[in-house]
Amino acid sequence: MFATSLGDDGAELRPLEPWQAEEFLAHMDRGREFVGEHIALADAVHDLDSARAFLRAYADKAASDTGRLYGIWSDGTLVGGVLLRTMDVAAGTAEAGCWLEPSAAGRGLITRACRLLIDWVVEVRGLHRVEWLASSENAPSIAVARRLGMTREGVLRENYPHRGVRTDTEVWAVLAPEWRAAREAAPTA
């Protein structure tokens, strides 16, 4: 198994796989209310069987080249993750997403992990467009999209039913040429 450093704080990005279902469920239990405020993951992963099923579905997506799932570990503990919810290689598009438990919030872990993910999508896989969908009420997710240099393209009004309420979804995206230009313009350490 590989691990990719997310910086000097020891955080790592690693594949999140079905054999890690117990660890994934424990992580989800620690952050269930925080994670579930805006996304359905916390409601979908509620016991060991549902944790295994979720991780298996992403293993199947990886095998069919239609998605990916990575965990974020800090001090050896799973604290969040990033994913390619969808990936259409023929069309050159993917949708990225994330989640994080509250103990790890505010440290830049999601932004750093998403930068690695988007670099891989653009430079290794050669995809042209990476999308980011976020509830209009999810200020931290929207802030990540901004930090990633994405452009807000519009709002899907009341398109997402979440916990009995229809919510608006903002659509953000970055195109491969924009991603490369921003990376080239960034100061090097």
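My entries on those topics follow.

Ground rules: I am working on a predicted model, where local features need pLDDT of at least 70, side-chain atom pairs count only at pLDDT 80 or more, and totals for chains, interfaces and linings use all residues. Numbering runs from 1 along each chain as its sequence is written, and side-chain values use heavy atoms, with hydrogens and water left out.

Core. I looked for nonpolar cores (buried Ala, Val, Leu, Ile, Met, Phe, Trp, Tyr and Cys joined through side-chain atoms within 4.5 Å); buried is under 20% relative accessible area with a 1.4 Å probe, protein chains only. The largest has 34 residues, and Ile72, Ile118, Trp132 and Met150 are among those with the most contacts inside it. Elements that each supply at least two residues include strand E3 (68-74), helix H4 (109-124) and strand E8 (165-175); I take these from DSSP runs numbered from the N terminus, helices being H or I of at least four residues and strands E of at least two. H4 gives the most, 8 residues. I also found a second, separate core of 18 residues, including Ala21 and Leu78.

Threonine 167. I find this residue in strand E8. Threonine 167 counts as buried because its relative accessibility is 16%. Leaving out residues up to four places away in sequence, threonine 167 touches Ser135, Leu156, Glu158, Asn159 and Tyr160 (contact: heavy atoms within 4.5 Å).

Cysteines. How many disulfides does a search of the whole structure find? I get 0, with a disulfide taken as two cysteine sulfur atoms within 2.5 Å. The sulfur of cysteine 98 is 5.4 Å from the closest one, in cysteine 114, so that pair is too far for a bond. Cysteine 114 is buried, at 0% relative accessible area.

Note on methods
Buried means under 20% relative accessible area, exposed over 50%, partly exposed in between (1.4 Å probe, protein chains only).
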